[in-house]
Amino acid sequence: MRRRHPTYHLFTVLLLCARIISSSAFTAPKSKHHNHRRKSAIYVEPSVIGGIVVTAGATAAWWIGGAKDRENKANYAEYEALQRERERLAFVQPKDEWLEEELSAYNGENDESGPILLAVKGDVFNVWKGRNFYGPDAEYHIMAGRDATRFLAKNKLDEETEEEKKIELNIGERANLEVWYWTIKNKYQFVGNLSGYDPKSTEM
């Protein structure tokens with residue numbers, strides 16, 4: 001149903017009051033010595049008119065405030081429904097272990113509404129809520145669908161050479177990785193463990 005702007009209802013209330021007032025003839029009361037067989041007009045006291053105006057204003061203010069509140073609730077309900085639908089589309093069934101090769105199917109390129117997986121310190125997370133960071137063409141997309149541990153530890157967004165991959169992480173890089181790990185763990189859904197992960201490669 002089409003929602004009307006709150007000022008529409010204000011105008012309606014004021015128009016109704018105007019009709020009520022205009023339907024009455026504002027004639028001064030006659031002298032008690034001036035007799036008529038029948039009264040053809042109704043005299044409305046100024047205090048009554050003032051009461052009508054005040055009541056109309058208060059009613060209009062209440063209606064506008066209530067309309068705004070209802071509009072906010074409707075918008076929030078719409079947002080909640082959209083979020084539930086996004087979560088449904090991005091769902092992936094958690095499992096005990098993931099092969100790194102399996103993660104590549106969930107890099108966000110094949111399904112723009114689907115899950116995006118990455119691994120950090122042996123844990124696999126669904127980071128679909130951070131699609132603007134890890135989705136296609138996003139800044140951290142290089143980490144999507146793979147083990148992102150060394151990228152995060154080194155704060156690098158470039159592929160390592162085979163020689164660089166053989167170099168163990170130093171204490172500073174491991175400390176940096178811890179910060180990233182807990183940030184991701186507290187923000188995204190855990191969906192399993194990465195097969196073949198060696199805890200010694202990242203422990204402090």
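Analyst: In helix α7, the residues E173, R174, L177, Y181 and I184 are buried, where buried means under 20% relative accessible area, exposed means over 50%, and partly exposed lies in between (1.4 Å probe, protein chains only). This is a predicted model, in which local features need pLDDT of at least 70 and side-chain atom pairs count only at pLDDT 80 or more, whereas totals for chains, interfaces and linings use all residues. Residues are numbered from 1 along each chain as its sequence is written, and side-chain values use heavy atoms, with hydrogens and water left out.

Seen down the axis of α7, the buried residues fall within an arc of 90°, so they line one face of the helix; the arc is that of the directions from the helix axis to the C-beta atoms.

What covers the buried residues of α7 includes β2, β3, α4 and α5, and contact here means heavy atoms within 4.5 Å. The names follow DSSP runs numbered from the N terminus, a helix being H or I with at least four residues and a strand being E with at least two.

The length of α7 can be checked as well: at 1.5 Å a residue, its 17 residues should span 24 Å, and its end C-alpha atoms are 25 Å apart, which agrees. The expected span is 1.5 Å times one less than the number of residues. At the start of α7, a side-chain oxygen of N170 reaches to within 3.1 Å of the backbone nitrogen of G172. This is a polar contact, a pair of N or O atoms within 3.5 Å; within protein, one must be able to donate a hydrogen and the other to accept it, and residues adjacent in sequence count only if both atoms are side-chain atoms.

Five strands form an open sheet in the order β1-β5-β3-β2-β4, with mixed pairing, and two strands pair if DSSP finds at least two bridges between them. The edge strands are β1 and β4, each of which pairs on one side only. Helix α7 (residues 171-187) packs on this sheet, touching β2 (117-120) and β3, and its direction makes about 45° with that of β3. For such angles, axes are lines fitted to C-alpha atoms, for helices over the stretch in contact, and the values run from 0 to 180 degrees between N-to-C directions.

Strand β3 (residues 123-126), which α7 touches, is joined to β5 by four bridges, and these two strands run antiparallel. In general, strands of a sheet pair through backbone hydrogen bonds, either parallel or antiparallel.
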